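Q: I'd like to learn how to read helices, a core and a ligand site from coordinates. Could we walk through an example together?

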Amino acid sequence: MQENGKARVLRQSLKMVPDPKIMVEVGCIRIPIDSASEGFSTMYLAREAKRLGARFFTVDIDQSNLRMAAGLMLGEGLDPVLVWGDGLEFLDRVPLKIDFLHLDGSEPVSTFDQFRAAESKLDPYAVVCVDDCHTYGDWEYGKGDLLIPYLGELPDWHVEIIPSVFEYKTAVCRRVIA
Ligand SMILES: C[S@@+](CC[C@H](N)C(=O)[O-])C[C@H]1O[C@@H](n2cnc3c(N)ncnc32)[C@H](O)[C@@H]1O
């Protein structure tokens, strides 16, 4: 099956990380099929983690999503760490350097808080992808509505907003390495 547009942006972004060892996602898959609008990110990232020899953590507040994902992972011989809990709490506590972060939880405030919790733990070459950064509702940048202006003020961060599928866009954020 051809990869969907959101997965394509994630895989291309992951290629920018020289040697990813720790990959983290907030917002696990919630339906068990490859859907263009959802993204099926957890499966794509778990496959990439296996191929690259990286450890992949996916965090979700809804345990039923993790249970469903576990079944799919077992079927493909993938072994991500499935974390039941709040993304912010996980990122606050995780004692690891993060090479790749996918933020795909709910809305702009929690997305911003999650990034801030992870910020000091990001490897200098880390890439942060934020899903659904297109304009919707009251938000010019969707889930990135606070994070994208914040990073825009920082001289050492570069943000690219990439169309993925339909009207959706993914923000790909990384440090500018001099
Ligand atoms: C849009 S879905 C994720 C879709 C998935 N990444 C994909 O590509 O198919 C958002 C998920 O984030 C979870 N979520 C929302 N807020 C969260 C939070 N604060 N911490 C952890 N998970 C959260 C929801 O339970 C839901 O499963």
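A: Gladly. Let's begin with helix α1 (residues 5–14), whose buried residues are K6, A7, V9, L10, S13 and L14. Seen down the axis of α1, these buried residues fall within an arc of 160°, so they line one face of the helix. This is a predicted model: local features need pLDDT of at least 70, side-chain atom pairs count only at pLDDT 80 or more, and totals for chains, interfaces and linings use all residues. Residues are numbered from 1 along each chain as its sequence is written.

Q: What do "helix", "buried" and "arc" stand for here?
A: Helices (H or I, at least four residues) and strands (E, at least two) are DSSP runs, numbered from the N terminus. A residue is buried if 20 or more other C-beta atoms, placed from the backbone, lie within 10 Å of its own. The arc is that of the directions from the helix axis to the C-beta atoms.

Q: What covers the buried residues of α1?
A: For this we use contacts: two residues are in contact if their C-beta atoms, placed from the backbone, lie within 7 Å. The cover of α1 includes α2 (41–52), β4, β5, β6 (157–163) and β7 (169–175).

Q: How many residues does α2 have, and what span does it reach?
A: The expected span of a helix is 1.5 Å times one less than its number of residues. With twelve residues, α2 reaches 16 Å from its first C-alpha to its last, close to the 16 Å expected. After α2 comes G53, whose phi is positive, near 75°.

Q: Which residues of α5 are buried?
A: In α5 (residues 108–119), they are P108, T111, F112, Q114, F115 and A118. Down the axis of α5, they fall within an arc of 160°, so they line one face of the helix. They pack against β1 (22–26), α4 (87–93), β4 (98–103), β5 (122–130) and α6 (147–152).

Q: Which residues touch the most other members of the largest nonpolar core?
A: In soluble globular proteins, nonpolar side chains tend to be buried together. A nonpolar core is a set of buried Ala, Val, Leu, Ile, Met, Phe, Trp, Tyr and Cys residues joined through C-beta atoms within 7 Å. Here the largest has 48 residues, and L101, V128 and V130 touch the most other members. The largest share, six residues, comes from β5.

Q: Which residues are closest to the ligand?
A: A residue is near a molecule if its C-beta atom, placed from the backbone, lies within 6 Å of it. The ligand is surrounded by 20 residues, and the closest are G27, G39, S41, G87 and G105.

Key. Buried ≥ 20, exposed ≤ 12 C-beta atoms within 10 Å, placed from the backbone.
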